[in-house]
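Good morning, and thank you for coming.

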Amino acid sequence: ILQRLQGSVRSLDGLFEALQDISKIDAGVVPVQRRAIPVRQLFEAMDVQFRAAAELEGLTLDIDPTPVVIESDRAQLERILANFVSNAIRYTREGSVRLRAVEDGEFAVLSVRDTGAGIAPEDREAIFEEFVQLGNPERDRNKGLGLGLAIVRRLADLLGHSVALDSAPGRGSEFAVRVPRVRVDAAFEAAEPQTQPPTAD
């Protein structure tokens, strides 16, 4: 009984926190700090956060090396990617989860592909709504609350990024976010401290 009560309390805490996040985003009070970010740093953060979880599930976490630099809010973009990776691990029984970045003109597409069951076309839009979970009819809170992708969509709108889903039953899923690129030399210049040339006496 005590274990069930503790599990219920954890679920409620997670629910309140997620609802609070949604309320803050909808109210426009989530701070956004845009700057140049090397994508490899984002992917390294995902590696640190999720490699052990992937290995525990018998999955391979593949991360493609990339020199791409983007412009976004690091904290909020990490939340988007973390949700993609977490869901991929949760709903993939065997195979791999792969992170990669593909340049697309002035943008970069950061994606997370899994070898899971895939998502039917009629469900692709619904999964971004609140409290929608596929493959969890019993509403097991250990499988999440069904709010992660709703938060992802709101964060993407807040940042001005677009989110896409490519999936088919039996062929896995690929969630992606499209973010503006930054020229590597411009990003380097922005990161360098600005010094004033010495003035003649």
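Which residues in α3 meet which residues in α4? Before I answer, please note that this is a predicted model.

From α3, the residues are Q76, L77, R79, I80, N83, F84 and N87. Their partners in α4 are G148, L149, I151, V152, L155, A156 and L159. As a general point, an α-helix has 3.6 residues a turn, so residues three or four places apart point the same way.

Let us turn to the geometry of this pair. The axes of α3 and α4 lie 10 Å apart, and the two helices pack at an angle of about 150 degrees. Angles over 145 degrees count as roughly antiparallel, and α3 and α4 are therefore roughly antiparallel to each other. The crossing in which α3 passes α4 is left-handed.

Now consider α4 by itself. Buried residues in α4 are L149, A150, I151, V152, L155, A156 and L159. Just after α4 comes G160, which takes a positive phi of about 80 degrees.

The largest nonpolar core has 40 residues, and I70, I80, F84 and L110 have the most contacts inside it. Elements giving two or more residues to this core include the helices α2, α3 and α4, together with the strands β2, β4, β5 and β7. The element that gives the most is α3, with 8 residues.

Leaving aside residues up to four places away in sequence, F84 touches V112, L149, V152, V163, F175, A176 and V177.

Is S72 buried or exposed? Its relative accessibility is 0%, so S72 counts as buried. S72 and A36 are 36 residues apart in sequence, yet their C-alpha atoms are 6.8 Å apart in space. Again setting aside residues up to four places away in sequence, S72 touches Q33, R34, R35, I37, L77, L159, H161 and V179.

Finally, the whole chain. It holds 5 helices and 7 strands, and from the N terminus its elements run α-β-α-β-β-α-β-β-α-β-β-α. Of its 201 residues, 37% are buried. Among contacts between residues at least 6 apart in sequence, 74% join residues at least 24 apart.

Thank you for your attention.

Terms used: Residues numbered from 1 in each chain as written. Predicted model: local features only at pLDDT ≥ 70, side-chain atom pairs only at ≥ 80, totals over all residues. Heavy atoms only, no water. Core = buried A, V, L, I, M, F, W, Y, C linked by side-chain atoms within 4.5 Å. Buried < 20%, exposed > 50% of the residue type's maximum accessible area, 1.4 Å probe, protein only. Helix = DSSP H or I, 4+ residues; strand = E, 2+ residues; numbered from the N terminus. Contact = heavy atoms within 4.5 Å. Axes fitted to C-alpha atoms, helices over the stretch in contact; angles between N-to-C directions. Parallel < 35°, antiparallel > 145°, perpendicular 65-115°, else oblique. Left-handed = near helix turned anticlockwise from the far one by under 90°.
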